[in-house]
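Notebook open, structure loaded. Today I'm looking up charged pairs and a few annotated stretches.

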Amino acid sequence: MSKPKTLVAKLALVLAILMLAAACANAEKNTNETNEGNPPADESSNPSGGSSQDEEPIQISWLSWNGPEGDDSPVQQYLEERFNVKIKNVRLERAQWQQQLNIKLAAKEIPDVFWLWSSEEIDMYAKQGVLAELPVDLIKEKMPRYSEDVDQGDPNLWKYALVEGESYAIPLYWPDGQTPFLPGYNESWLKAIGYDHPPTTLEEFEDVLYKFRNDDPDGNGVKDTYGMTARAKDALPQAFNVVFNAFGIVPPYDNMFFYDQEDNITFSMITEEARQAFKLLHKWYEDGVIDPEFITTDYTKMRQDFANGRVGVIDPGLWYHHQNVFEPEFKAVNPEQDYVVGQPLNGPNGEPGKGLSYGLKNNYIGMGIQVEGDTKKRDKIFEILEALATDEETYLMASYGREGIDYTMEDGGVVPIPEYVDSQVRGAEIGAGPYYGLFMTKSFPMLKHDLPKVKSDYKSNVTEGVPTFSNAVMGNVPELAAYPDLKKLSDSYFMKFILGEVDLDKGFDDFVELWKKSGGQEVLEAAGEVAQSLN
Amino acid sequence: MAMTTGEKWFQGFAVVLSASLSLAMIYPFIHMISISLSTPAEALRPGIHLYPRELTLDAYQKALTSNGMWYGFQNTIFRTVVGTFLSLVFMSMAAYPLSKKDLPDRNFFMMFIIMTMFFSGGLIPTYLLVKNLGLFDSRWVYVIPVLFNTFSLIILRNFFMEIPSELEDSAKIDGANDIRTLFSIVIPLSKPILATVGLWSAVMHWNAWFDALIYVQDQSKVVLQVFIRRLIVENQDLEIMKMMDDQKSLNAETVKAAVLMVATLPILLLYPFLQKYFIQGILVGSLKG
Amino acid sequence: MATDRIATKGRQLIQTHFRNRIAAYVKYKYMILLLLPGLIWYGVFFYAPLYGIQLAFKDFRIMDGITGSPWIGLDNFRTIFRASSDFSTILKNTVLISFYHILFGFPAPIILALLFNEIRFKVFKRITQTISYLPHFLSWVVLSGLLITILSPSSGIVNELIKALGFEPIYFLGDQRYFRFTLVISAIWKEVGWGTIIYLAALASVNPHLYEAAVVDGAGRWKQTWHITLPMIMPTIAIMFILRIGGILDAGFDQILNLYNPVVYEVADIIDTYIYRVGIGQLQYGITTAIGLFKNAIAITLVLGTNYIVKKLGQEGLI
């Protein structure tokens with residue numbers, strides 16, 4: 001046996017590791033000074049003097065989501081060629097976005113094109129000095145056509161993400177965000193209890209719920225159905241949305257505000273309307289028309305419960321949820337039954353119903369701080385963004401890929417080939433989707449391509465003419481972060497009210513006091529100031 | 001050997017108890033397998049799933065067509081095999097001296113190592129270190145930064161301490177030095193614990209994903225779990241504004257289950273192979289010698 | 001002179017001491033050589049990045065880096081303990097849940113390993129062992145959906161059994177009174193089989209001759225377990241226990257995050273879920289480093305304390 005020989009080999013390995021370790025101990029020191037993760041990408045970020053047209057391509061590091069798996073996707077090649085740039089893809093997983101991004105930022109790897117999910121993120125990164133300042137006038141100058149669309153949609157979009165009065169990002173707007181949340185119903189059940197239309201008033205809605213529970217709408221002779229359920233486990237503020245809306249208030253999202261009757265900014269859960277809504281919900285819970293297991297119901301279970309006929313109403317849905325998720329699932333399980341989308345409910349005193357909408361406000365695109373001093377790169381990025389938003393060819397290529405290969409055009413609407421319906425797969429394989437197509441589904445002039453006729457018909461059918469309302473304070477309220485327990489407080493009381501653990505007379509008053517005392521008052525005042533600054 | 005009545009009763013009791021425990025524990029897997037083989041409509045059915053009522057392999061087809069998946073498999077197998085092997089070698093090397101009571105400054109060395117269980121510099125310094133070592137976008141980034149695990153090292157050391165010193169002494173009389181004694185006497189005598197620590201390490205390697213996420217941008221070097229997470233975790237937020245993709249949700253559950261099965265079964269098969277090292281009396285032969 | 005003599009004597013003593021030291025190192029040169037890669041690895045991958053700990057006392061600014069960020073004293077700790085209206089409840093939940101996990105979850109794999117050890121039917125034993133370790137491989141994200149179904153008061157199989165026995169169904173996941181119990185039981189269900197492996201390794205090292213001798217002496221099964229098996233695996237139990245105690249402030253973040261809901265916040269909100277909440281939307285490095293320091297200070301005290309007691313009881317400890 002050759003034991004000694006293998007031993008020598010092992011010792012050699014040990015030595016190799018030793019040397020490696022020694023090498024790195026030295027490297028450790030000059031960590032903080034070195035800039036940028038990838039040397040080749042870095043070189044070009046130094047502004048180079050030349051100005052001729054056929055100069056070196058500018059290197060741009062690009063951060064967005066649902067990115068390509070390779071660095072030579074057709075869309076990347078198209079953009080690089082067309083704009084004479086070299087793109088370095090930065091890939092992050094959505095589920096752990098900030099954990100990954102912050103580490104990279106701390107290592108001074110700051111992307112040039114910087115996808116930003118929210119105004120909160122902008123607030124944080126701008127204060128950390130990571131983002132380049134992008135004054136509104138500059139954006140308007142460099143991206144005139146897109147800026148016009150923003151102004152046309154809502155000029156306040158420019159203001160929602162200001163940090164101490166300064167602008168750090170290009171706002172995206174989302175036309176579909178203006179559509180309302182709508183309830184969906186099991187139409188066959190409605191027919192079984194004698195309704196030929198979805199309920200339109202709170203009164204009718206209550207009647208439907210009770211009959212869904214008591215009148216055996218599925219006709220199986222067993223009392224095993226409930227009126228409705230809710231996502232208490234993973235998205236409590238969306239629970240019973242339609243009911244809160246009927247009382248004229250937005251649901252109690254911790255970061256959603258609205259104007260009370262005296263025109264003061266308030267939190268919906270501390271209003272008189274909320275008390276009335278909870279009283280009703282508590283009664284329904286006691287009477288068993290709300291599925292008592294809504295406490296542990298999440299998105300998946302809610303859809304299951306609806307598709308399988310445990311409940312007859314599905315509540316938190318924008319129009320495309322109904323068209324793309326709820327209805328197909330419902331039909332897959334119940335091919336012979338029908339599904340119908342309802343309207344917001346008229347309130348207890350007959351006031352017309354309004355549906356909650358997210359509003360136009362959406363994500364943002366920023367630029368890394370290093371772009372601030374590099375006007376050539378900055379203008380190049382502006383040029384690309386303007387084209388992505390408003391130039392048809394660029395938009396279609398970046399969002400959907402190559403016509404005839406990756407999608408076909410029907411009546412002006414894009415129909416991706418079946419493999420690429422899923423934008424995540426599309427992005428992974430050809431780079432088309434929200435990664436480069438930052439404005440996908442978010443550009444007025446391009447909307448006509450995003451929806452095939454079937455879809456846009458469905459959309460106008462269910463949403464047209466439905467009055468909506470949304471968060472009254474779209475701007476960022478940094479005080480929210482200072483009171484992390486506020487949401488926990490309102491969420492637990494939300495449940496206590498419905499379950500009847502706290503009464504809705506004195507108990508509700510006490511809650512309002514407690515909420516204000518626990519930081520709610522400060523948050524409201526701050527929100528009021530933000531609202532002022534937007535008017 | 002004949003069993004007494006009491007013995008029979010006891011065996012019956014033990015069998016019934018462990019059988020019922022196994023039933024409870026195998027259910028999640030049966031559930032996942034049957035969901036993965038079901039149609040979307042069947043997967044939506046609430047309650048117990050013991051077998052697919054309508055069998056379909058659609059979900060597996062979808063799960064396996066992603067070409068990233070195969071890169072993922074290669075890299076995961078690499079890190080599991082190489083990482084586990086090197087960890088075992090290096091940890092045994094360190095644990096053996098520490099098991100010797102009269103090693104000079106042994107308590108200092110032990111404290112040096114134990115302290116690492118309680119303090120850590122955190123993610124940012126580690127990230128910078130790995131970057132400076134030039135390990136970015138290299139498969140070795142999966143192996144070297146996790147070469148040692150303090151918990152495993154301590155367990156190994158404690159098992160080494162239980163080995164009767166006469167056996168090592170006999171090797172030394174034959175002129176073997178400590179290094180040779182470790183590899184020719186101690187390691188062969190420690191198969192059960194090496195199997196245990198090796199299994200821990202292999203499973204850790206198989207399931208790890210965060211290092212791949214932050215250290216590796218080259219998609220041909222990413223591990224399987226990263227692809228799994230893309231398919232499982234990222235689909236959970238249908239909330240986020242997207243429109244046309246929502247169609248995938250109809251078979252999301254079945255694909256999820258299929259992907260999970262594909263990614264989990266290989267590592268599950270490891271244990272049955274290792275079981276022979278967990279049989280009582282395995283060391284008798286070597287002890288006699 | 002006397003002083004000179006003493007000085008010479010002292011010098012000699014020190015010299016002998018060093019000479020002995022060097023002699024010891026020379027004697028153990030191969031051992032030191034074996035240990036060296038480990039020491040270097042720990043030096044590079046643990047001690048070199050340790051400067052990151054200063055973040056606990058700093059306001060981390062991305063552009064200034066770790067060393068350049070401003071010192072803020074104990075502000076991060078103040079944020080942790082004061083941002084919550086009720087940190088004591090959170091601490092109580094953490095310790096209580098963790099205590100239950102140790103009280104019931106720690107012995108569980110030992111008992112199961114002993115049970116497996118007694119089973120004579122080899123094939124059956126191998127199959128049940130393999131099955132018992134399966135749930136470890138499913139994450140809490142996956143298991144939570146499954147548990148909600150299995151534990152549903154109206155349709156879950158567990159409650160079907162409870163109803164069949166004539167009791168009222170229990171809403172395990174939606175009732176404050178049962179939630180912690182559910183956490184402990186479901187954690188045991190997931191991890192017990194995986195936990196047996198280390199004890200099976202310990203059992204494999206027990207010399208069967210000891211049992212043969214005991215049988216000759218007429219010792220029954222219980223006596224054998226009590227007087228041979230348990231003492232033989234006691235060193236393993238002791239070391240596992242010491243290491244487990246260090247995790248007293250880790251009450252199972254992943255499990256709780258995936259299983260809890262607003263109804264049980266009061267009994268299930270732990271330090272880690274709280275920190276998760278505080279950190280959302282913030283650059284949380286200062287706070288997470290501070291809480292890590294706080295937890296580890298407690299852990300190290302408990303581990304060394306337990307180690308001391310264990311050694312007093314005659315077992316081999318950590319050091």
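I started with Glu206(A), which is buried at a relative accessible area of 19%. My cut-offs: buried is under 20% relative accessible area, exposed is over 50%, and partly exposed is in between, with a 1.4 Å probe and protein chains only.

Before going on, I noted that this is a predicted model, where local features need pLDDT of at least 70, side-chain atom pairs count only at pLDDT 80 or more, and totals for chains, interfaces and linings use all residues. Residues are numbered from 1 along each chain as its sequence is written, chains are lettered from A and ligands numbered from 1 in the order in which they are written, and side-chain values use heavy atoms, leaving out hydrogens and water.

**Entry: Glu206(A) and its partner.** Which residue does Glu206(A) form a salt bridge with? I found Lys283(A), with the closest N and O atoms 2.6 Å apart. (A salt bridge here is a side-chain nitrogen of Lys or Arg within 4 Å of a carboxyl oxygen of Asp or Glu.) The pair links distant parts of the chain, 77 residues apart: Glu206(A) sits in helix 9 (residues 202-214) and Lys283(A) in helix 11 (residues 272-286). Helices are DSSP runs of H or I, at least four residues, and strands are runs of E, at least two, numbered from the N terminus. Lys283(A) is partly exposed at 38%.

**Entry: another pair on helix 11.** I then checked Arg275(A), which forms a salt bridge with Asp509(A), closest N and O atoms 2.7 Å apart. Arg275(A) lies in helix 11 and Asp509(A) in helix 21 (residues 506-534), so this pair ties together parts of chain A that are 234 residues apart in sequence. Arg275(A) is buried, with a relative accessible area of 10%, while Asp509(A) is partly exposed at 37%.

**Entry: chain B.** Lys172(B) pairs with Asp178(B) in a salt bridge, closest N and O atoms 3.4 Å apart. Lys172(B) counts as partly exposed at 33%, and Asp178(B) is buried at 8%.

**Entry: network and total.** Salt bridges with shared partners join Glu141(A), Lys142(A), Arg378(A) and Asp379(A) into one network. How many salt bridges are there over all chains? My search of the whole structure gave 45.

**Entry: UniProt record.** An unreviewed UniProt entry lists "transmembrane region" for stretches of chain B, among them residues 12-30 and 181-203. UniProt positions follow the numbering used here, feature names are shortened, and annotations may be inferred rather than shown by experiment. I checked residues 12-30 of chain B: 100% helix, 0% strand, end C-alpha atoms 26 Å apart. Residues 181-203 of chain B came out at 96% helix and 0% strand, with end C-alpha atoms 29 Å apart.
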